[in-house]
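User: Hey, can you walk me through this model? Let's start with the terms you use.

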Amino acid sequence: MKRRDLLAGAAALAAGGALAGCRSRLAGTFLAADAQPADYPTSQAVEWMGRYLEQRTGGRLSIKLYAGAQLGSETETLEIAGFGGLDIVRVNLAPLNSIAPLTIAASLPFLFRSADHLHRALDGEVGDEILASMRPHGLIGLAFYDSGARSFYNTLRPIRTPADMRAMKIRVPGSDLYVAMVNALGANAVPIAYGEVYQGLAQGVIDGAENNWPSFESARHFEVAPYYSLTRHLLTPEMLAMSVTAWDRLTGSDRALVREAAQASVPVMRQLWNARVEKARSTVLAAGVAVNEVDIAPFSALMRPVWDTFVSTPEQASLVRRIVAMGDDA
Ligand code: GTR
């Protein structure tokens, strides 16, 4: 059996037979997947988008979301969406790095200096170009969601300088860029799925990982990794995308409505996000996790060769140049 059939079969089982190829699939119900739990801001925003579509179409269009990685890891759901077995995926840009090269331009370490900087870039032409670049890869980029700032956490000691990370086994998502970033800091990158991180930390297969406050908290990683060091090395956003197969089935006006609904969900998500960051931070602090600020200069100094290796086409370079020029205080 081909990997593609295996994936579709497993996902169809998880979704109760509602996925592609099953006769029970409802014409106007988009099947969506998110690796985060149902109460996480990304999942909530996708649910909100579904209600928006229902209201605008009198229930003709809607979304059925499978949250919590029920349909597989992000790499798997992207593959399933790529051949039309899933209609909507909400993923981080990291697993898209190897699929759609322009996503690299918004995934570089120490690129975005603040959430405002990120929004300025992604809410304009730069964001539109990255979303549009998804089509040859079987996806229609609909919108970006916030993902805050990723920092390192681990089971061993506070990280204050790159030397503190030497030889630490640090989990990263499936992106060569992340692997290179962690290795350039002197640690050893271990790419594994998000859903395996808790166990990996608890069993000592990995010493640490990196993520934002809400992921560190909601995946309970803070229970097993008591040091959180605020390197804020990545502000890589999330992406909401539709499979080209689902998109091509829609009329022009439904396509416009899907785009409108996705865009309308962005400010909703940002509000949910900010509230969730605060909640996650207090939960983590109350649990006694040692949180430390970090001088990022020695970390970002080591990223130059990583940028040089991964920004390899004129299109990527143009995006990066424009993002950097936007700064954070315009
Ligand atoms: C989270 C993101 C997830 C997933 C995860 C990871 O911040 O919301 O989509 O990408 O990180 O590290 O795998």
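Analyst: Helices (H or I, at least four residues) and strands (E, at least two) are DSSP runs, numbered from the N terminus. This is a predicted model, where local features need pLDDT of at least 70 and side-chain atom pairs count only at pLDDT 80 or more, while totals for chains, interfaces and linings use all residues. Residues are numbered from 1 along each chain as its sequence is written, and side-chain values use heavy atoms, with hydrogens and water left out.

User: Got it. How many helices and strands in the chain?

Analyst: The chain has 13 helices and eleven strands. Its radius of gyration is 19 Å, close to the 20 Å that the globule rule gives for 330 residues, so the chain is as compact as a globular protein of that length. That radius is taken over C-alpha atoms, and the globule rule is 2.2 Å times the number of residues to the power 0.38. Along the principal axes, the C-alpha atoms fill a box of roughly 55 × 45 × 40 Å.

User: What share of the residues is buried?

Analyst: 53% of the 330 residues are buried. Buried means under 20% relative accessible area, exposed means over 50%, and partly exposed is in between (1.4 Å probe, protein chains only).

User: And what share of the contacts joins residues at least 24 apart?

Analyst: Counting contacts between residues at least 6 apart in sequence, 75% join residues at least 24 apart. A contact here is heavy atoms within 4.5 Å.

User: OK, switching to aromatics. How many aromatic pairs are there?

Analyst: The structure holds seven aromatic pairs. In W48 and Y52, the ring centres are 5.4 Å apart and the planes are at 35°, so that pair is tilted. The rule is that rings of Phe, Tyr and Trp (its six-membered ring) pair if their centres lie within 6.5 Å; planes under 30 degrees apart count as stacked, over 60 as edge-to-face and the rest as tilted.

User: Where do W48 and Y52 lie?

Analyst: Both are in helix α2 (residues 41-57), four residues apart, which is about one turn of the helix. W48 is partly exposed at a relative accessible area of 26%, whereas Y52 is buried at 11%.

User: What about F216 and Y228, how are their rings arranged?

Analyst: Their centres are 4.4 Å apart and their planes are at 25°, so the pair is stacked. The pair links distant parts of the chain, with F216 in helix α8 (residues 213-218) and Y228 in strand β9 (residues 227-234), twelve residues apart. Both F216 and Y228 are buried. They also belong to a cluster linked by ring pairs, together with Y153, W213 and F222.

User: Nice. Now E210: buried or exposed?

Analyst: E210 is buried, at 0% relative accessibility. It lies in strand β8 (residues 208-211).

User: Which residues is E210 in contact with?

Analyst: Leaving aside neighbours within four places in sequence, E210 is in contact with R150, S151, F152, Y153, R171, P173, Y178, M181, H233 and L234.

User: Next one, T236. Where is the place of T236?

Analyst: T236 is in the loop between β9 and β10 (238-243). T236 is buried, with a relative accessible area of 1%. Apart from neighbours within four places in sequence, T236 is in contact with N92, L93, A94, A106, S107, S147 and Y178.
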